[in-house]
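Please keep the sequence and the structure in view while reading.

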Amino acid sequence: MFSSDDFGFLAIYDSRGNMLAASREELLSIERLSFDTETHCRVVGNLPGSYWLISDRPGFCAVLLEVVIDYTASIDRWEISYYTDSIADSPDWDLEAYATAYNQLAAQEVTAMDGYTPIPENVLAIARQRVSYRPGPRPSEVCIL
């Protein structure tokens with residue numbers, strides 16, 4: 001996790017709510033939706049699953065980004081997906097509405113097989129403190145290392 005007055009807050013969590021160790025550069029790569037498989041796999045310890053990145057950096061939209069990393073053994077292939085509905089880039093964006101809808105999908109058996117897991121409570125608590133609308137570009141629109 002990185003946090004400072006100049007840099008802001010940036011951290012990634014696994015589906016159980018555990019914060020993962022990652023460098024600032026790795027977190028920024030994930031935040032900007034880089035699809036950099038090597039970086040993503042290094043950060044998550046080569047474990048497929050759902051991960052949550054929280055970004056609250058000055059000058060940018062705040063983000064609660066779901067990152068899904070899948071591995072298909074039969075073809076030895078990693079795939080990365082980002083779900084960007086949780087980027088607070090509009091004045092009418094509502095974290096509670098997003099979390100409720102997302103967690104309802106996660107509770108359904110059919111979608112649970114598709115990889116949905118509920119947003120961990122501690123991640124949601126941090127998002128409630130840090131992710132709300134403010135004007136600024138999406139972090140993926142500007143590359144700052």
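The points below are grouped by topic, from the whole chain to single residues.

This is a predicted model, in which local features need a pLDDT of at least 70 and side-chain atom pairs count only at pLDDT 80 or more, while totals for chains, interfaces and linings use all residues. Residues are numbered from 1 along each chain as its sequence is written, and side-chain values use heavy atoms, with hydrogens and water left out. The protein has 5 helices and 5 strands; both are DSSP runs numbered from the N terminus, helices (H or I) having at least four residues and strands (E) at least two.

**Overall organisation**

- Read from the N terminus, the order of the elements is β-β-α-α-β-β-β-α-α-α.
- Of the 145 residues in the protein, 42% are buried; buried means under 20% relative accessible area, exposed means over 50%, and partly exposed lies in between (1.4 Å probe, protein chains only).
- Among contacts with a separation of 6 or more, 58% join residues 24 or more positions apart, where contact means heavy atoms within 4.5 Å.

**Confidence**

- The average pLDDT of the protein is 86, and 86% of the residues score at least 70; pLDDT is the predictor's confidence in each residue, from 0 to 100.
- Helix H4 (residues 109-112) has the lowest confidence, with a mean of 51, whereas H5 has the highest, at 96.
- Where pLDDT is low, the predicted coordinates should not be read in detail.

**Helices H3 and H5**

- Helix H3 (residues 95-107) and helix H5 (residues 121-130) have axes that come within 11 Å and cross at roughly 160°; the axes are lines fitted to C-alpha atoms, for helices over the stretch in contact, and angles run from 0 to 180 degrees between N-to-C directions.
- H3 and H5 are therefore roughly antiparallel to each other, a term for angles over 145 degrees, while those under 35 count as roughly parallel, 65 to 115 as roughly perpendicular and the rest as oblique.
- On the H3 side the contact is made by Leu95, Glu96, Ala99 and Asn103, and on the H5 side by Leu124, Ala127 and Arg128.
- By class, this contact of H3 with H5 has 4 nonpolar, 1 polar and 2 charged residues; Ala, Val, Leu, Ile, Met, Phe, Trp, Tyr, Cys and Pro count as nonpolar, Asp, Glu, Lys and Arg as charged, and the others, Gly among them, as polar.

- Helix H1 (residues 24-31) is largely enclosed by the rest of the structure, because 6 of its 8 residues are buried.
- The buried residues in H1 are Glu26, Leu27, Leu28, Ser29, Ile30 and Glu31.
- Just after H1, Leu33 has a positive phi of about 60°.
- Phe35 lies in the loop between H1 and helix H2 (37-43), and its phi is near 60°, a positive value in a residue other than glycine.
- Phe35 counts as partly exposed, at 48% relative accessibility.
- Asp36 is also placed in the loop between H1 and H2 and is partly exposed, with a relative accessible area of 29%.
- Asp36 and Glu26 are 10 residues apart in sequence, and their C-alpha atoms are 9.5 Å apart.
- Neighbours within four places in sequence aside, Asp36 is in contact with Ser29 and Ile80.

**Tyr51 in strand E3**

- Tyr51 is located in strand E3 (residues 49-56) and is buried, with a relative accessible area of 6%.
- Not counting residues up to four places away in sequence, Tyr51 touches Ile12, Tyr13, Asp14, Leu20, Val44, Leu65, Glu66, Val67 and Ile69.
- Tyr51 and Ile69 are 18 residues apart along the chain, with 7.9 Å between their C-alpha atoms.

- Tyr71 belongs to strand E4 (residues 63-72) and counts as partly exposed, at 33% relative accessibility.
- Leaving aside neighbours within four places in sequence, Tyr71 is in contact with Pro48, Asp76, Arg77 and Trp78.
- Pro48 is 23 residues from Tyr71 in sequence, and the two are 6.1 Å apart in space, C-alpha to C-alpha.
- Asp76 is found in the loop between E4 and strand E5 (77-83) and counts as exposed, at 56% relative accessibility.
- Although Asp76 is not a glycine, it has a positive phi of about 50°.
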